[in-house]
Amino acid sequence: MRYPVVLHKDIDSDFGIAAPDIPGCFSAGSTVDEAINNLREAIDCHLELLAEDGNLAPPASTVDLHISDPDYDNGIWAYVDIDVTPYLGKSEKVNVSLPALLIKQIDGLVSDGKAKSRSAYLAESAVINISTG
């Protein structure tokens, strides 16, 4: 999932960074790259704890959803791509029947690099739909 993240730099301090879609998930670093890498680790830890409690990763939203929040004034926005499949449990093989046109569309997303595989696309779609209720 592509989570929006916001980066702040205060005078005489490190870069602070947060993932607004994951409550309580934030980090910092002395450089932008370090802050982003540290936030990736923080996101992984959050998602691991959620999975241990039987909860799915929160769905990713867009920058537009958060940009007007005063907590993020003067922030620099970016996206961090996180593979949530390790936090979904052991994979199980199932057979599914889908209409040929849907398979063709999914395969097009895979060949364009927008999805890793048919299974990854279906899993991420399910996570998004289940999480948004």
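Visitor: How many helices and strands does the protein have, and in what order do the elements run?

Guide: The predicted model holds 4 helices and 4 strands. Read from the N terminus, the elements follow the order β-β-β-α-α-β-α-α. Along the principal axes, the C-alpha atoms fill a box of roughly 55 × 30 × 25 Å.

Visitor: Which domains does the assignment give, and what separation lies between their centres?

Guide: The domain assignment gives domain 1 (1-89) and domain 2 (92-132). Taken over C-alpha atoms, the centres of domain 1 and domain 2 are separated by 25 Å.

Visitor: How many salt bridges cross the interface of domain 1 and domain 2, and how many does the structure hold?

Guide: The rule finds 1 salt bridge across that interface, while the structure holds 2 salt bridges. What a salt bridge ties together can be read from the elements on either side of the pair. Lys116 lies in the loop between α3 and α4, and Asp83 in the loop between β4 (76-81) and α3, so this pair joins parts that are 33 residues apart in sequence. In the salt bridge of Lys116 with Asp83, the closest N and O atoms are 3.4 Å apart.

Visitor: What is the volume of the largest pocket, and which residues are closest to its centre?

Guide: The largest pocket has a volume of about 720 Å³. Its lining comprises 21 residues, and Glu92, Val94, Ser119, Leu122 and Ala123 are the closest to the centre. By class, the lining of the largest pocket has 13 nonpolar, 4 polar and 4 charged residues.

Visitor: Which element gives the most to the lining of the largest pocket?

Guide: That element is α4, with 8 residues. Both α3 (100-111) and α4 (118-131) supply at least two residues each to this lining. In terms of domains, the lining of the largest pocket draws at least three residues from each of domain 1 and domain 2.

Visitor: How much space lies in the second largest pocket, and which residues lie nearest its centre?

Guide: The second largest pocket holds about 540 Å³ of space. Of the 20 residues that line the second largest pocket, Met1, Arg2, Asp81, Lys114 and Glu124 lie nearest its centre. Met1 is also among the residues of domain 1 that lose the most area to domain 2.

Visitor: What are the classes of residue in the lining of the second largest pocket, and where does the largest share come from?

Guide: The lining of the second largest pocket divides into 11 nonpolar, 3 polar and 6 charged residues. Its largest share, 7 residues, comes from α4. Domain 1 and domain 2 each provide at least three residues of the lining of the second largest pocket.

Terms used: Residues are numbered from 1 along each chain as its sequence is written. This is a predicted model: local features need pLDDT of at least 70, side-chain atom pairs count only at pLDDT 80 or more; totals for chains, interfaces and linings use all residues. Side-chain values use heavy atoms; hydrogens and water are left out. On a 1 Å grid over the protein atoms alone, a cavity is a set of points where a 1.4 Å probe fits but cannot get out, and a pocket is an open set with protein on both sides within 12 Å along at least five of seven lines; lining residues have an atom within 4 Å of a point. Grid points are joined across faces, edges and corners, and a volume is the space filled by probe spheres set on the points. Ala, Val, Leu, Ile, Met, Phe, Trp, Tyr, Cys and Pro count as nonpolar, Asp, Glu, Lys and Arg as charged, and the others, Gly among them, as polar. Domain bounds come from an automatic or database domain assignment. Buried area is the accessible area (1.4 Å probe) that two parts lose on being put together, summed over both. A salt bridge is a side-chain nitrogen of Lys or Arg within 4 Å of a carboxyl oxygen of Asp or Glu.
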